[in-house]
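Hi everyone, thanks for making time. Let me put the structure up, and then I'll walk you through one chain and the interface.

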Amino acid sequence: MERLTRRASNERSARDSGAKHSFAKVAYAFALPYLLFLAAFGIGPAVFGAALSLFKTTGSNRDFIGIANYIKVLGDFRFVPAWTNVLTYLLIWLPLMTVGVVAISLLLHVRLGRVSTLMRMIYYLPGAIAGSASVLVWLFMLSPDVSPFGPALNAIGISDLYQVIRPANFAWLFAVIVFTTSAGGWIVIMHGGLQSIPTELIEAAAIDGATERQIAQYVKLPLIRRYVIYMFMLSVAGGIQIFVEPTMLNQVGSASSGGSLSPWWSVNQLGFTYAFQQADFGGASALSMELLVVSLLLALVVVFRTGFFDVAELDR
Amino acid sequence: MAGRLSRRSVWSRARRPHVRLPGFASIARVIVLAALAVYWGLPLLWLVLAPSKTNYQLSNGPPISFGAVGQLYDTIRHLFGYNHGEVAQWLLNTAFYTLSTLLIAVTCSLLAGYAFALFKFRGRRLFLFLTLVAMVLPDTAMILPVFLEMKTVGLINTALSVILPSAFFPFGVYLAYVYYATSMSREVFDAARVDGCSEVQLFLRIAFPLSLPLVGLVGFFNFVGTWNSYFLPYVMLADDAKYNLPVGIGALASGAGVFRAGPVLTDILRPEIALAALVTVLPILVIFLVSQRTLVRGILAGATKG
């Protein structure tokens, strides 16, 4: 049977090979608009940024200086603190995300029905309050006189917004803000992953006497492992880029003394400062490239090693 | 077998495993879930109610309460009167940027996804690979280099500087690729070709009318991403009249000094700021609520990006 169909398709492709040529042209025409964008905003910036990071731009002069920008940036007094801040943020946020999202997803999945569906929707809605608006909402939520969580804040000794929005607390603050916004979406995705587990496996385990916790630990968790890894990798790649939250907070809030908070708390903010405050595009590019390389490596791992993007199986 | 991607396995109702929780654990579970719902739901509820109160009422009354319709009207008036109606301008800008981006992104994504799915041509694998990588990379990764690119071509501080980069939407191409690869029937196309249909007609008359769920999905993700974008417009736009809402409300809150220790502008107080945040998120919120079911289905059907 297979040989018959293979021969038929060979004949067909032989017949079509003349037509295939014109197919290819049409395909390029269809894909061209997107490919232009890919070149301009996908590959272009990476190449342009990498190139620019090797030059020193003063006025309209451009001098090739090799890796001098990277060395200069490394020696900047703000460089190490910026990376430290970002890594601290990740150290708090990643476990919070991973454990939080997985635990909540498993808890929801124990019993499916209208309650769990409703809960999932409620957890997902704050995702609409993204970026700058969410910082504003959080500033309200952390002001004990205004916030519905006021009593809880008072109970842990916070009587004033300015006790919270100190640079020392930023890593925690951003971790909580970003978790609140992004957890809902990941919970929906985890739900998809859990739903793809054959119910026979779960039922078999239940029949064998496994408790719900054991089922979660030994059946469900291993089978959603790649979703968790995927979430983890994407979170790292996105997390090191953090910009909106610290910038917003710096712009909108202040220290209780009235001074500014931290214009170069994160690496991206530092790059922004280089580009716009110091007109040092070489330095800004160097910082961007550092972030890009890390994110790119993670992206490659996700694309090749998680098995989510198995395009081969879609090809015919 | 297309496995996980087959319509039946995704669309069919989940069969519920018959697992029982002991009574105590079941109650504990509901309590935890409800507490989480309060954590996530309360801020939203507060945000919707806050503009209806005065600044005094915000800090001296129950947080979850409705103020007065008249007060709501005043808040709206203050906010939209700020700086000669600048907030309305920001709203229009955001709508304009987002819809323009949407149009371009959906068109390019559908066409490219269609090409990748149904044709074989040189470089296809490479382009797909680049698309995947670009899709997984966070958007913020290239904003500074894109800014420098735009500066070089003199497009800084224009609408295009915000629209064009956002119209690059590899995730949309991926969605379209998966959709067309798994749901288009070769036979129908071959038959139409035999009848003398050109490729363009094929796409317009057969493929596109069947793509409406795809348009909805790609449109949704692109719309939400662009509407909320902050970093890109922050970097590209110098004139505050050109700001979109996310950037604008930051400037507003900063100028009003509402979260700063010190003197404040008289007209824009906390209810107005809350309203500004609400106006910014309302369209997205509405879309989220309205499209819940289709959205969840779409996310599960192969969109594994958060």
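Let's begin with chain B: of its 306 residues, 52% are buried, meaning under 20% relative accessible area with a 1.4 Å probe, protein chains only. A quick word on what you're seeing: this is a predicted model, where local features need pLDDT of at least 70 and side-chain atom pairs count only at pLDDT 80 or more, while totals for chains, interfaces and linings use all residues. Residues are numbered from 1 along each chain as its sequence is written, chains are lettered from A and ligands numbered from 1 in the order written, and side-chain values use heavy atoms, leaving out hydrogens and water.

Chain B has 16 helices and zero strands; these are DSSP runs, with helices (H or I) of at least four residues and strands (E) of at least two, numbered from the N terminus.

Now, the interface. Counting contacts as heavy atoms within 4.5 Å, 116 residues come from chain A and 111 residues from chain B. Together the two chains bury about 10,500 Å², 75% of it on carbon and sulfur atoms; that is the accessible area (1.4 Å probe) lost on putting them together, summed over both.

Which side chains form the salt bridge between Asp and Arg here? They are Asp145(A) and Arg270(B), at 3.4 Å, N to O. The rule asks for a side-chain nitrogen of Lys or Arg within 4 Å of a carboxyl oxygen of Asp or Glu, and it finds one such bridge across this interface. On the chain A side, helix H1 (residues 2-52) gives the most, with 22 residues.

Technical notes
Buried means under 20% relative accessible area, exposed over 50%, partly exposed in between (1.4 Å probe, protein chains only).
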